[in-house]
Structure formats: structure tokens, C-alpha cells
Amino acid sequence: MGFGAIGRRPDPARVAGEEAVIPGTFAYHRPKTIKDAVALLADLGDDARPLAGGHSMIPIMKLRLAEPGHLVDLAAIGDLRGIRADGGDIIIGAMNSEHDVIASDLLAAKVPLLRETALQIADPQVRYVGTIGGNAANGDPGNDMPAVMMALGAIYHLTGKSGERKVPARDFYQGIYLTALKPGEILTAIRVAVPPAGHGYAYQKLKRKVGDYATAAAAVVLTMKGGKVESCAIGLTNVANRALFAAEAAKILVGSTLDEATVKRAVAAAEAITSPASDGHGPAAYRTKMAGVMLKRALARAKARAAA
Ligand SMILES: Cc1cc2nc3c(=O)[nH]c(=O)nc-3n(C[C@H](O)[C@H](O)[C@H](O)COP(=O)(O)OP(=O)(O)OC[C@H]3O[C@@H](n4cnc5c(N)ncnc54)[C@H](O)[C@@H]3O)c2cc1C
């Protein structure tokens, strides 16, 4: 089978006739290069899935919501690691853990929103293993990075057997676990343009308890000039079947001093594009309101941090 595959074994849960509480059987592959990984994924077809930190994938497999026959582990691919400056941009390898993002001096200095967000994901144990690429590529609307990447205008580098293409984060998310990734493609890196010095930023997340997914959250990146908003971008987490880019709300704010009346109009515009589910996080109407509250707080925080 190549690349260190273990091969399929009998499924103990099924053999015993017990309720399945462990993943189905799968073959494990550990390629060392991006080229080998995409070749494997192309050869194995629909039955194969990339594996990064496994902190979303393995729970889904345990619930038997996914039963891939092959996992292609990206952990041994050195080219998927590292965080480096490239002109006015920063390139973050997909296999950096959420902890790597927190620990990066470069990101802390240039794109502090990413550190602020990563610190609000789960708990340290999850963050040491979960990756920024897995968080961005997963397609779960509850993941925190997608809305933040939208607010930052990040570009995703996707590689498949036929080559590389670049997709803006704002165009990447299509529905629950539905993204612009084509079969056999992997996210190799995320390119973030460094926001101007003196920009304001904030990620405000409401969660039921420490380590939980968002009931609702809002990401804001803005610049101010002469006391007025010069540019603004807003992303929303877990209030629809995908992360949302609140373009209309941001447009309302540009040119304003972030006065109460204008913020109220922008919050209403942001709330209008949400369509959360009523679930364990609360009723839909409550979650929509909380998205507005998180946005209002994120705007105030971003303004306080921005150079006027
Ligand atoms: C207890 C707990 C609490 C959590 N709380 C939060 C939270 O509050 N906020 C939050 O955002 N997340 C949370 N998570 C999820 C965590 O951040 C995951 O680590 C992350 O969502 C997925 O990253 P991963 O590296 O583990 O990816 P994996 O689980 O390995 O993969 C996830 C999916 O993405 C695909 N994938 C992974 N990497 C790539 C790639 N490079 N290219 C293409 N496809 C890829 C996989 O095939 C799979 O479909 C939590 C997880 C746990 C276990």
C-alpha cells in the first residue's frame, strides 16, 4: 500500500456486535512530502481523508459520522510547517498547531488577532495538537479561525495533483463541512497580508463554559483616520451553516466615528445575515442577538486599540 500503511483490520466493535464507540477500521498513511500526499489522495479517491491534529476528525469518526477507509496523516511533511514573513504578508504553514500560532513572536507583533483568537480555542491540550490548517479546512461553522481569516482577508493555498491554486477565505466556506476544497486537495498554507500598523482588532466569543465552541462570536479588523473608520472587516462564527463575512455591516461603519447610532445600524445588518440553529448553545433568536452583542463589544475593543 506504500507510505507506511498498516492496512485494514477486523472492526472489533462490529465483530462484537456492540454499539460502535470507536472509529471504523482504516489504513494509515504517513507521506513525507506534499507531492506524495496529494498523489496518495488522488489514487485512493473518495475513501481517503487528510489527517492533521485529528481533534475534529477523530471525534467524528468515533461517532461514525465519517468512516474513511484511509487516513493520510500530514504530520511528517516538513513543508507544511513554519510561520514566515514574505514581503508584506505572513505565510502560515497548515500544520502549525494552534499553540504554534500563540507562541509566534512574528504573529504577535504583526497580526495579534490570530493570537487572541487561538487563545480562545478549546484548552491548551487541544491547542497543542489541533492545527490552524485543520481548523480552517474543517468547514465546521463552530471553528473560530474561519471568520477571523475572512476578517483578515486571508488567502488559502490549496494543492492537488494538478497543481496549486489560491482561494480567498471569504470564498472558501459553502456550508456545514462544505468548502471550496476539491477532492484530493490539501490546504498547504494560509497567506495573511499584515494589517497596517496601528490597526484595531478584536475577537469576542461567547461560550457556555471554558473550552467550549462559540454560542456566537465576532471578529473585527479596522483602521481609523482622523477619528473616523477608514476601513473595516467583520467575520461571524457559529451563527449560520458556515462562517459569515458581514460586508454590509462593515460598509455602514466606514466613515463613522463608531457612534452609537451607526454601530446600532451595523449590528442590525450583521444580525440580519445570521441563521443559527436552535441547539445546546441556545435558541436561534438568542444566538442572533448574541452575535450582535459580540460585534458591538469587538468594535469597541478594536476602536480602543486603533491609532486614531
Ligand atoms: C474538546 C474540544 C474542544 C474544541 N473546541 C474548539 C473551539 O472552541 N474552537 C475551535 O475552533 N475548535 C475547537 N475544537 C476543534 C479543534 O480546534 C480542532 O483541532 C480543529 O478544528 C481541527 O484541526 P485538526 O488539526 O485537529 O484537524 P483534523 O481533525 O485532523 O481534521 C479536520 C478536518 O479537516 C481536514 N483537514 C485537516 N487538515 C487539512 C489540510 N491541511 N488540508 C485539507 N484538509 C484538511 C480533515 O480531513 C478533516 O476533514 C475543539 C476540539 C476538541 C476536541
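The model is predicted: local features need pLDDT of at least 70, side-chain atom pairs count only at pLDDT 80 or more, and totals for chains, interfaces and linings use all residues. Residues are numbered from 1 along each chain as its sequence is written, and side-chain values use heavy atoms, with hydrogens and water left out.

Oxygen atoms of the ligand take part in several such pairs. A polar side-chain atom of Thr131 lies 2.7 Å from a ligand oxygen, and an N or O atom in the side chain of Lys205 is 3.0 Å from a ligand oxygen. Asp212 places a backbone N or O atom 3.1 Å from an oxygen atom of the ligand.

## The shell around the ligand

There are 30 residues around the ligand, a residue being counted if one of its heavy atoms lies within 4 Å. Pro50, Gly54, Met57, Thr131 and Asp144 come nearest. By class, the shell has 14 nonpolar, 11 polar and five charged residues; here Ala, Val, Leu, Ile, Met, Phe, Trp, Tyr, Cys and Pro count as nonpolar, Asp, Glu, Lys and Arg as charged, and the others, Gly among them, as polar.

Note on methods: Polar contact = N/O pair within 3.5 Å; in protein donor to acceptor, adjacent residues only side chain to side chain.
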